[in-house]
Amino acid sequence: MAIQNSTTTNGSDVTNGVNGVNGVKAGPSPLDASKLVVTLAEELKPLPEPESLVFGQTQTDHMLIMNYDPVTGWSAPEIKPYAPLVLDPMSSCFQYCPNVFEGMKAYLGPDGEPRLFRPERNMARLARSAERVALPPFDTSALLTLLKRFVYTEKRWIPSLPGYSLYLRPTVIGTRPALGVSASDSACLYVVATPAGPYFKGGSRAISLLAVNENVRSWPGGTGGHKLGLNYAPGFKPQRDAATKGYEQILWLIGDRITEAGAMNAFVVVRRDDGDIDVHTPNLDGTILPGVTRSSVLSLLDAHTSSSLPLPTLPKTTKIYTHEHPITMPELKAWSDEGKLLEIFGVGTAVIVAGVGRIGYSGWGDEELVLPHHEGGLGPVGRGLFDMLTEIQVGSVEFEGWCVPVV
């Protein structure tokens with residue numbers, strides 16, 4: 001028979017099972033998708049008109065939630081009506097910011113069924129981010145299974161109009177109810193959703209960037225390569241300051257080296273002497289977030305050159321050479337002065353691909369770098385990537401199994 005050891009944690013009696021044969025304690029329970037409990041809302045909310053949507057301001061009917069206890073492990077996951085969280089004021093998430101999240105989308109395919117875009121990469125990055133701030137581990141496969149069920153539950157919230165989706169925010173926060181400066185041994189993992197429209201209302205356009213190095217988004221040895229809440233708040237004031245100077249986003253620098261454009265990965269398109277194209281993006285040195293869209297863009301550029309999936313806006317004979325390496329502001333200026341700079345664009349889950357129209361930088365005085373004008377703000381490379389990505393995301397084009405049905 002099993003020997004029961006009773007211990008106390010956080011003021012509550014907890015019983016640990018011990019195997020009577022080999023004397024090994026039963027460890028904390030892993031995240032188990034088969035234990036899902038579904039409690040549906042008795043009354044569903046009215047669906048808003050898609051054109052009225054403001055990003056992140058509309059909550060769907062339900063949420064997915066589970067909690068980790070250091071003794072018992074992961075609780076049974078639950079899909080339940082959307083509601084506020086109840087947390088101890090001393091919770092680690094309020095004090096020391098062990099908060100990580102993901103941004104991903106569900107799309108309706110041509111058959112009317114929901115799909116996810118490369119979701120296993122979001123799950124893997126969420127796990128890496130959680131590990132970076134010492135949050136309890138979880139089974140990424142189990143979480144993806146739960147996420148698919150959650151998306152199917154909220155299927156009616158995915159607008160059917162082109163360019164619309166259901167934005168998903170998986171989040172893990174530390175909930176240890178104590179002020180001691182140490183890792184949180186308790187956590188809450190939850191997923192909420194909000195219907196989302198196109199990033200640019202009224203059609204895409206080029207954005208403006210102010211290059212900044214007096215404030216930094218990330219630094220060598222820091223957390224810029226992970227999706228942590230604490231990476232974003234320090235950028236709010238510099239972003240506000242940039243807006244007062246007439247710029248929409250910040251081009252984050254370390255010294256004169258480019259890291260990211262706002263919350264997007266940056267790409268630079270340069271004409272080669274032989275007429276083909278070089279596409280440059282900062283390498284993943286720990287200061288750059290390894291974006292799912294970034295990885296997808298690099299793969300699609302290589303697919304064009306190999307002719308396995310040509311971009312619709314470029315001649316099939318045009319070769320594209322991708323380069324992951326440091327990019328500096330003097331290099332941008334030199335390419336521009338030589339007439340070789342064709343496009344700069346940022347990529348990310350929310351925007352997909354956004355073209356850049358102009359860049360300001362204190363190192364250039366009052367002079368701005370102005371990019372060639374393109375209809376809709378995107379040049380041939382950026383436009384081809386945007387069109388191809390959106391076709392793959394909804395399942396209209398098949399490419400390497402990136403589009404994943406939820407059922």
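Which residues line the second largest cavity? Here are a few close-ups of this predicted model, where local features need pLDDT of at least 70, side-chain atom pairs count only at pLDDT 80 or more, and totals for chains, interfaces and linings use all residues. Residues are numbered from 1 along each chain as its sequence is written, and side-chain values use heavy atoms, with hydrogens and water left out.

**View A. The second largest cavity.** To settle the opening question, the lining is made up of L209, L251, I258, A261, A266, V268, P282, I327, L332, I344, F345 and I359. A cavity here is a set of points on a 1 Å grid over the protein atoms alone where a 1.4 Å probe fits but cannot get out, and lining residues have an atom within 4 Å of a point. The volume is about 60 Å³, counted as the space filled by probe spheres set on the points, which are joined across faces, edges and corners. By class, that's 12 nonpolar residues, no polar and no charged, with Ala, Val, Leu, Ile, Met, Phe, Trp, Tyr, Cys and Pro taken as nonpolar, Asp, Glu, Lys and Arg as charged, and the others, Gly among them, as polar.

**View B. The largest cavity.** This one has a volume of about 100 Å³. Its lining includes M104, F117, V292 and Q393. Strand β8 gives the most, with 3 residues; strands (E, at least two residues) and helices (H or I, at least four) are DSSP runs numbered from the N terminus.

**View C. The largest pocket.** A pocket is an open set of points with protein on both sides within 12 Å along at least five of seven lines. About 1100 Å³ of space lies in this one. Of its 45 lining residues, Y199, Y232, A263, M264 and A350 lie nearest the centre. The lining splits into 25 nonpolar, 12 polar and 8 charged residues.

**View D. The second largest pocket.** Here the volume is about 550 Å³. There are 27 lining residues, with P162, G163, Y164, F386 and T390 nearest the centre. Helix α7 gives the most to this lining, with 5 residues.

**View E. Helix α2 against helix α3.** The axes of α2 (residues 119-132) and α3 (residues 140-153) come within 10 Å and cross at roughly 130°; axes are lines fitted to C-alpha atoms over the stretch in contact, with angles from 0 to 180 degrees between N-to-C directions. That makes α2 oblique to α3, the class left once angles under 35 degrees (roughly parallel), over 145 (roughly antiparallel) and 65 to 115 (roughly perpendicular) are set aside. Among the residues making the contact are M123 of α2 and L147 of α3, contact meaning heavy atoms within 4.5 Å.
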